[in-house]
Amino acid sequence: MKGIIDLTQTLKDGMLVFPGDPCPKIKTAHRYDNGYFVSIVTFCTHTGTHVDAPVHRLKKKKSLTDLSADRYIGWKTLVLDFSAKKGSILTSEVCKKYDKAVKGCDAVIVRTGWAKNAGKKAYYDGFPGLDEGTVDWLKDNNIRLVGLESPSVNPVRHLDIHKKLLENEILIIEGLVNTDRITSKYVELHAVPLLLDKLDGSPVRAYAIIR
Ligand SMILES: [Zn+2]
């Protein structure tokens, strides 16, 4: 079925974010007092559904300013199923089953079902992740964008796995939801960040187009 599936978490005042990061705050600047409605939103760059730029982990690498909008679009995105239990790590063994399917793709969505925990404390406890072998598999298949339902790329070794992905310029989308609504093996994925000058990440409106 053709259409657009929204893969974005709603950004709300006080919503849970990665442990240690500040929660978003939403205040009202004008509530029709001057005839219009204006809000003040304060959020961490890694809030809800968001992208990571290489500088998030690597001091001298690219920031959002250095990346064109199309770098956050997967023109042909494979939906890879990895129905993960708590603590499961996607390995190259699982990825190999997709060796044929991934040909010609520039992005991958890892569909785990973990998004059902989004907004709860359990979301941050033992979320599914990737290992080094998976990063190599993505790299070997010329994947330049990977989308995850988890809040980070690995529950324990997130520093190492972020580094390996980002030094290879495989950009990361974290916190996708609604992937269970995707009915096609391939989609076009859009998750373009705000153009925040020289920064490390940004919340996005992520969506999949089924053609
Ligand atoms: Zn992030």
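This is a predicted model: local features need pLDDT of at least 70, side-chain atom pairs count only at pLDDT 80 or more; totals for chains, interfaces and linings use all residues.
Helices here are DSSP runs of H or I with at least four residues, strands are runs of E with at least two, and both are numbered from the N terminus. By that definition, Val 94 lies in helix H1. Residues are numbered from 1 along each chain as its sequence is written.

Val 94 is partly exposed, because 18 other C-beta atoms lie within 10 Å. Between Val 94 and Phe 82 there are twelve residues in sequence and 7.9 Å in space, C-alpha to C-alpha.

Now the chain as a whole. It has three helices and 13 strands. The C-alpha atoms fill a box of roughly 60 × 40 × 35 Å along the principal axes. The radius of gyration is 17 Å, in agreement with the value near 17 Å for a compact globule of 211 residues; it is taken over C-alpha atoms, and the globule rule is 2.2 Å times the number of residues to the power 0.38. Of the 211 residues, 39% are buried. For contacts, the criterion is C-beta atoms, placed from the backbone, within 7 Å. Among contacts between residues at least 6 apart in sequence, 77% join residues at least 24 apart.

Next, strand S7. Five of its five residues are buried, so S7 is largely enclosed by the rest of the structure. In a regular strand the side chains alternate between the two faces of the sheet. On one side of S7 the buried residues are Ala 107, Ile 109 and Arg 111, and on the other Val 108 and Val 110. Which strands pair with S7? Pairing requires that DSSP find at least two bridges between two strands. S5, residues 73-81, runs parallel to S7 with five bridges, and Val 79 has Ile 109 as its bridge partner. S9 is also parallel to S7, through four bridges, with Val 110 partnered by Leu 148.

In H2, residues 132-140, the buried positions are Thr 134, Val 135, Trp 137 and Leu 138. Viewed down the axis of H2, they fall within an arc of 160°, so they line one face of the helix; the arc is that of the directions from the helix axis to the C-beta atoms. Those residues pack against S6, H1, S7, S8, S9 and H3. Just after H2, Asn 142 has a positive phi of about 60°.

In H3, buried residues are Ile 161, His 162, Lys 164, Leu 165 and Leu 166. They pack against S4, S8, H2, S9 and S10. After H3 comes Glu 169, with a positive phi near 55°.

Conventions
A residue is buried if 20 or more other C-beta atoms lie within 10 Å of its own, exposed if 12 or fewer, and partly exposed in between; C-beta atoms are placed from the backbone. Two residues are in contact if their C-beta atoms, placed from the backbone, lie within 7 Å.
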